Amino acid sequence: MSLEVKNISKTFQLSRKQRKLNSTDEKKKTAVNDISFTAFPGEIFGLLGPNGAGKTTALRIISTLIKPDSGDVIVGGSSVKDDSYDVRSKIGFLTSELKLEDHFTPNYLFKYFGRLHGLEDDKIMERKEVLFDRFGINPFAEVKVGDLSTGMKQKTSIAISLVHNPDFIIFDEPTNGLDVLTARSVTDYLLELKEQQKTVILSTHILSVVEKLCDRVGIIINGKLKVSDSMDNVMKESNNDLEELFFKLIEEEELGGFRQ
Amino acid sequence: MKNILTIFKKEFYRVMSDRRLIFTAIILPGLAIYLMYSILGNAATGMETDIDSHKMIIYTENMPTEFRNVVNLQFDDNPEFHDISESTFDEVSLMIKDGDVDIFLSFEENFMDRLDEYEQAGYSLPNIQTYYNNSERYSSASLNKVNQFINAFMFMEGLERYGEAYTILSMNADTDGFPTSIEYENKGIGQGFAMLLPMLIVMFLFSGAMSIGPDSIAGEKERGTIATLLITPVKRSQIAIGKVFSLSLISLMSATSSFIGVMFSIGNLVNMGDAAGDINPLDIYTITDFLMLFAVILGTVMVVVGLISVISAYAKSIKEAGMLIMPFYFISIFVGISTMFSGEASQSLVSYLIPIYSSVNMIIAILTFEVVGTHFLIMVLSSLGYLVLLIFVLNKLFQSEKIMFSK
């Protein structure tokens, strides 16, 4: 089952303060401009783009947190517009915006979110064993989230976002702010998910992460998807220099040109 | 239903597993009220006892022996009498000013003769002039006491002059000056409660809900934890109901704590130093009265929590939620105060449709034993209606990406 993004667009109203900050008179900003791509099971789709390009907005639309102005996303046959509850039960979403309450322990939150996903207690225990073992959370399972290290917080967030064993996994900048060791354990896990035939979408601004992990890549700049192809094709076209291609695309966009 | 219960339990556990929150939201309100009112009541009683134990120093001029006899025979105060001849008027005035003497009584010369003659043509009643110091509490209190002496003296003189008939004319023929009907007495006490309790109850409910509501919703928005909840396949309406019900239970616990505080200190509060002793509400009201009161409090809690939840969902931060709730808090206190001195519940049906105002009036009706069944029903049902409406609005706010993710 694939995840199909179909011509989604999203425009935000700019407040006076935001207009001043962006030095613009325009009252609206198009964060995502007619984006389409498809992610397949057993593959990692990398959404690459500079900060503020529209990656997070696109992922928020896919995960039903916000609605697109136009277009639709079909997640395993369910539409984000019409069947948002179905979509939520199929996806695991991780972003720095989704936080865990400091007062609770990983144990409590894992059970809480498991129940909200409609899982029975024995199934929750089973999943907890797998994920807590995988991320080494067990020694900290009864420590309040507020007292955990940044890395352990992120690992707990990942475990909780996957409590219901979703088929579609959307991770927004999952290695941000993590040390090399923790970042490595996260990227390794993404490869495991891929092997489990999960459909994975990963957003990042780190080129090396895309090169190492992704099977397909979409490059998003200024709300527009400038490239969407298999990693092999993109590398071929860029003479194995993704960085060069990336800067070329940014330059083109700044000049108002379009890639043919 | 399962999801509502899961959210309800988590929100409840959030407060119950935090010792500081248990103390500030549940124990402190009752404890603070109990201590505050007890100290207030004890201070008033203490002042009264102090005044009672003070030996009055009275300077007199031309005081008839009959007056002194009445004071000595009928009162236990045993004041220290001094004649003005021991000093001068100016000196006594100065002593009253300094608080060394409490009061100066100046009877007209030949007071008793003048009293005998006053009914004859050309004569008038003799005067008693009193000099005291309003800024000295012993002196102020002695004025009241001296008035009692004078009244007793007048009564005895009247009795001597007109016989038994005078007592019928001058006093309530039915009683010895106090109501004898138990019901009547209870209603009087009930009106005393009705003056203070409605405002206090509404204040407690509001402050209880205010101490946790903004953190549970605006706080989750501010900390970014609400999005984690919104990404689960749970209906927004279930989140809204789970949160409102849990907050209601905690607010109810907070209000109950305050209520217990009031009940334990109400004797001191109502009596304010009156020596009549403690008033126990359990002796006056029946189980039905308490159940009705509970239903009204529950209905009010739901409306207040619903309102605070909606405001908290709309606000961007806990601070903003607190600011936006304040005007509603003041309005509710104003509603409580506005009915404070009427002592009676409104008879208009419409009054029982207005949130908070209906609660205040219904509490008064219960406390003064004047509950109208229709009014009670309308109050409870309209509260439920408002709760449904507020949950509907909260659900809409949870669905609004503009509200939920505004920075």
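1. The mean positions of the 35 positive and 40 negative charges of chain A lie 6 Å apart, where Lys and Arg count as positive and Asp and Glu as negative, with His and the chain ends not counted, and where each charge is placed at NZ of Lys, CZ of Arg, CG of Asp or CD of Glu.

2. This is a predicted model, in which local features need pLDDT of at least 70 and side-chain atom pairs count only at pLDDT 80 or more, while totals for chains, interfaces and linings use all residues. Residues are numbered from 1 along each chain as its sequence is written, chains are lettered from A and ligands numbered from 1 in the order in which they are written, and side-chain values use heavy atoms, leaving out hydrogens and water.

3. Chain A has 10 helices and 10 strands, which are DSSP runs numbered from the N terminus (helices are H or I with at least four residues, strands E with at least two). The radius of gyration of chain A, taken over C-alpha atoms, is 19 Å, close to the 18 Å that the globule rule (2.2 Å times the number of residues to the power 0.38) gives for 260 residues, so chain A is as compact as a globular protein of that length. Along its principal axes, the C-alpha trace of chain A spans about 55 × 45 × 35 Å.

4. Of the 260 residues of chain A, 53% count as buried, meaning under 20% relative accessible area, whereas exposed means over 50% and partly exposed lies in between (1.4 Å probe, protein chains only).

5. The largest nonpolar core has 155 residues, of which Ile219(A) and Leu242(A) touch the most other members; such a core is a set of buried Ala, Val, Leu, Ile, Met, Phe, Trp, Tyr and Cys residues joined through side-chain atoms within 4.5 Å. The largest share of this core, 15 residues, comes from helix 8 (residues 182-223) of chain B. Apart from this core lies another, of 20 residues, among them Phe75(B) and Phe153(B).

6. Two residues other than glycine deserve a look for their positive phi values: Glu173(A), with phi near 45°, and Asn222(A), with phi near 50°. Glu173(A) sits in the loop between strand 7 (168-172) and helix 7 (180-195) of chain A and, at 14% relative accessibility, counts as buried. Asn222(A) is in the loop between strand 9 (216-221) and strand 10 (224-230) of chain A and, at 43% relative accessibility, counts as partly exposed.
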